[in-house]
Amino acid sequence: AALNHAVQTYSDLKSYQVPRSPLTKKSEHERDRVLSDEEISKISAALAAKSEWADALFFFQINLITGGRMAELLRMRWEESSERFGIVKLYSSKTKKWRTIKAPSAASLIAHRRAEGGGNATHILPLPDNWIRKVLLKASESVGIRYGQSVPGGWCPHDLRHTCLTNLALAGVPINGIKEYAGHSSIVETQRYLKFMPESVELA
């Protein structure tokens with residue numbers, strides 16, 4: 001604010017380029033994408049239609065429930081989930097912190113996967129991220145839904161996190177609760193995820 005005022009006040013500073021605020025990140029100006037219930041239903045059905053895509057379906061579902069980052073979900077171990085207590089623990093390599101979220105449906109989904117012999121001896125989702133992305137692309141295209149971060153109107157795996165957090169907000173969860181659920185370091189970061197809420201007008 002002081003720099004902007006100085007540029008406007010002193011003529012010899014007119015050519016000075018005021019730097020952007022450090023609080024304004026590029027992500028605020030990038031595309032946002034939240035999947036609708038209809039899109040989620042179509043993609044889920046497409047993934048469920050092929051048995052070889054079962055792992056991708058599990059990733060799709062667990063991501064929508066937990067809002068976890070892809071790296072967090074791919075490193076998850078069996079002991080970090082408890083169906084008895086309905087909790088899931090996630091470790092963020094971004095913040096270097098653990099967070100425990102209460103998500104009974106996620107814990108049940110993980111327990112079901114283990115009972116069916118999914119994953120390996122230690123990890124729940126021992127999969128390469130590029131395989132998941134390729135399957136999600138094929139499943140989306142098969143039902144006429146655009147996929148890809150650079151594709152106009154397309155979606156990517158990180159948008160499942162957007163969708164989860166937006167749905168929590170629409171369900172009336174306070175922003176502080178969403179911040180803790182998502183593992184954000186500040187409310188400002190949480191707000192960036194929740195700016196796309198067209199349903200909020202109807203909710204109001």
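Guide: This is a predicted model. Start with a cysteine. Cysteine 156 has a relative accessible area of 9%, so it is buried; the cut-off for buried is under 20%.

Visitor: Is cysteine 164 buried or exposed?

Guide: Cysteine 164 counts as buried, at 4% relative accessibility.

Visitor: How many bridges join strand 2 and strand 3?

Guide: Six bridges, in the antiparallel sense, with strand 2 covering residues 87-92. Take one example: lysine 89 has threonine 100 of strand 3 as its bridge partner.

Visitor: What about isoleucine 101?

Guide: Isoleucine 101 lies in strand 3. It counts as buried, with 2% relative accessibility. Beyond residues up to four places away in sequence, isoleucine 101 touches Thr66, Gly86, Ile87, Val88, Leu90 and Tyr181.

Visitor: Now the helices. How do I read which side of a helix faces inward?

Guide: An α-helix has 3.6 residues a turn, so residues three or four places apart point the same way. In helix 6, the buried residues are Ile132, Val135, Leu136, Ala139 and Ser140. They cover an arc of only 130 degrees around the axis, so they sit on the same side of helix 6.

Visitor: Which exposed residues does the face turned away from that buried side carry?

Guide: Lys134, Lys138, Glu141 and Ser142. The buried residues of helix 6, in turn, pack against helix 2, helix 3 and helix 4.

Visitor: How far apart are the end C-alpha atoms of helix 6?

Guide: They are 20 Å apart. Its 14 residues, at 1.5 Å a residue, should span 20 Å, so the two agree. After helix 6 comes glycine 144, with a positive phi near 75 degrees.

Visitor: How many residues does the largest nonpolar core have?

Guide: It has 43 residues. Leu47, Phe59, Phe60, Ile110, Leu125, Leu136 and Trp155 have the most contacts inside it. Helix 3 gives the largest share, seven residues.

Visitor: What is phenylalanine 60 in contact with?

Guide: Set aside its neighbours within four places in sequence. Phenylalanine 60 then contacts Leu35, Ile40, Ile43, Ser44, Leu47, Leu136, Trp155 and Leu160.

Visitor: And how do I read a residue in a loop? Where is threonine 122?

Guide: Ask where the residue sits, then how open it is. Threonine 122 is in the loop between helix 5 and helix 6. It is partly exposed, at 36% relative accessible area. Next, check its contacts. Apart from neighbours within four places in sequence, threonine 122 meets Met76, Arg77 and Trp78. The C-alpha atoms of threonine 122 and arginine 75 are 9.6 Å apart, while 47 residues separate them along the chain.

Terms used: Residues are numbered from 1 along each chain as its sequence is written. This is a predicted model: local features need pLDDT of at least 70, side-chain atom pairs count only at pLDDT 80 or more; totals for chains, interfaces and linings use all residues. Side-chain values use heavy atoms; hydrogens and water are left out. Two strands pair if DSSP finds at least two bridges between them. Helices (H or I, at least four residues) and strands (E, at least two) are DSSP runs, numbered from the N terminus. A nonpolar core is a set of buried Ala, Val, Leu, Ile, Met, Phe, Trp, Tyr and Cys residues joined through side-chain atoms within 4.5 Å. Buried means under 20% relative accessible area, exposed over 50%, partly exposed in between (1.4 Å probe, protein chains only). Contact means heavy atoms within 4.5 Å. The expected span of a helix is 1.5 Å times one less than its number of residues. The arc is that of the directions from the helix axis to the C-beta atoms.
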